[in-house]
Amino acid sequence: MTTTDFDYYLFGTHVVFGDGVSHSLAKELRDMGLGRPVVLTQARMAASGKYASLRATLAGLSLLEISTVPQHSSVSLIETIKEQALTFDPDCIVAIGGGSVSDSAKALAMLLAEGGKLADHATVFTAASTVIVPHRNRPKLPIITIPTTASGAEVTPSFGISDSHEKILFWNRSLASRSILIDPTLNEDVPLPLMHYTAMNGLAHCLEGLYSRNKLLVSNGLALQAMSLFIDALTDESLSEPEQRRTLLLAGHVSGMVLSMARSCLHHAICHVIGARHGLGHGAINTVMLPHTIRFNESAVSNDLSPVLDLINRQSARRVDSVSEWLSQLIQTLSLPDRLSAYGLTEQDLDAIASSTMKERGLAFNPLPVKDVSQIKTILRNAL
């Protein structure tokens with residue numbers, strides 16, 4: 001499957017994919033009538049020559065640059081940036097990096113528009129299936145995103161931010177990026193294992209989207225398209241590394257659309273808790289947990305996952321009997337850690353993780369009801 005360049009508009013969002021498109025950022029801002037961005041990124045990106053080259057294209061613009069965004073970001077960081085931004089008086093936010101940078105941009109836009117504390121605007125989940133999204137309708141600053149991983153966060157109106165070892169989740173229809181510039185050349189410095197981790201996150205978006213209680217005809221079609229791209233990128237040994245990276249970026253972008261429509265389920269609920277409590281990367285925890293959470297739901301959603309199994313057996317070299325089996329084999333082939341114990345977790349950590357997961361909104365969309373903490377502990381124990 002080829003990954004040709006493209007340029008499209010959909011529901012008010014402009015998306016461009018291709019080598020070098022990040023250098024059109026200044027033009028994109030001018031076309032939108034903008035010129036005072038807050039620029040968010042991470043230290044690794046800010047120290048790169050590619051960022052310096054991109055930064056040079058913004059010469060003449062007034063910028064507030066923040067290059068300290070960590071994985072999962074944090075409430076305290078966003079509230080600190082908010083005070084700096086109020087003094088600077090920006091007209092937009094530019095996010096350059098992975099999912100935590102995109103989420104930080106959304107959080108900043110929310111807080112600047114709505115005021116108060118960030119937690120005042122969080123989604124509330126009441127077991128077993130009630131999700132309450134607070135109405136926050138004040139105009140938000142437009143967000144322009146240059147994603148460098150396969151997180152797909154650039155197209156979603158949802159985000160998560162860490163606060164005292166807990167991940168707080170949000171949703172607001174005004175927070176999906178207004179412009180997205182996907183430049184594979186910026187991905188060249190991202191370690192390939194990190195891309196594989198973010199790909200596992202993208203696979204989770206697709207698989208959970210296919211069996212979510214919120215699944216749709218449109219999200220199903222996008223999920224299968226993204227799955228096909230992911231399978232090619234992760235299993236086709238004839239692909240060069242640049243083409244593999246291009247394909248992963250495209251697959252991640254499409255998987256973000258699936259997440260935006262169909263939402264996430266039990267898998268992401270567990271990953272949010274582990275990542276926030278133990279300071280671990282979202283992609284790494286996705287990698288460990290995905291075979292186990294898929295296996296938990298698999299018997300109840302075989303019809304939903306059968307098109308994926310067909311894709312896997314048509315595109316991969318080895319035939320498998322289940323999606324969870326393929327995921328386990330894929331993780332081994334990519335030489336990625338596949339146990340929670342590899343990250344220092346022990347049996348003593350499981351009670352707290354399972355209890356916190358019961359408060360996560362993803363449970364509301366899971367096809368199998370999660371009624372008891374023991375169900376989650378069993379999944380965690382299998383992954384330990």
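This is a short talk about the fold of one protein and a few of its residues.

Hi everyone. Before we start, a word on the model: it is predicted, so to speak of local features we need pLDDT of at least 70, side-chain atom pairs count only at pLDDT 80 or more, and totals for chains, interfaces and linings use all residues. Residues are numbered from 1 along each chain as its sequence is written, and side-chain values use heavy atoms, with hydrogens and water left out.

Let's begin with the whole protein. There are 14 helices and 11 strands; here helices are DSSP runs of H or I with at least four residues, strands are runs of E with at least two, and both are numbered from the N terminus. The C-alpha atoms fill a box of roughly 55 × 50 × 40 Å along the principal axes.

Of the 384 residues, 58% count as buried. Buried means under 20% relative accessible area, exposed means over 50%, and partly exposed is in between, with a 1.4 Å probe and protein chains only. Among contacts between residues at least 6 apart in sequence, 79% join residues at least 24 apart; a contact means heavy atoms within 4.5 Å.

Now let's zoom in on the start of the chain. Strand β1, residues 6-10, and strand β2, residues 13-17, run antiparallel and are joined by five bridges. Two strands pair if DSSP finds at least two bridges between them. Within this pair, tyrosine 9 stands opposite histidine 14 in β2.

Which residue of this hairpin takes a positive phi? That is phenylalanine 11, and the hairpin has two residues between its strands. Phenylalanine 11 has a phi of about 50° although it is not a glycine. At 80% relative accessibility, phenylalanine 11 counts as exposed.

Aspartate 89 is another residue other than glycine with a positive phi, near 65°. You will find aspartate 89 in the loop between α4 (75-88) and β5 (92-97), and it is exposed, with a relative accessible area of 54%.

Next, some residues from the inside. Leucine 40 lies in strand β3, residues 37-40. Is leucine 40 buried or exposed? Leucine 40 is buried, with a relative accessible area of 0%. Leaving aside neighbours within four places in sequence, its contacts include Ile66, Val69, Ile81 and Val101.

Leucine 54 sits in helix α3, residues 49-56, and counts as buried at 1% relative accessibility. Not counting residues up to four places away in sequence, leucine 54 touches Ser22, His23, Leu25, Ile96, Ile146 and Leu186. Take serine 22 from that list: leucine 54 and serine 22 are 32 residues apart in sequence, and their C-alpha atoms are 7.0 Å apart in space. Ile96 is also among the contacts of leucine 40.

My last stop is serine 219, in helix α7, residues 217-235. Serine 219 is buried, with a relative accessible area of 0%. Which residues does serine 219 contact, leaving aside its neighbours within four places in sequence? They are Val258, Met261 and Ala262.
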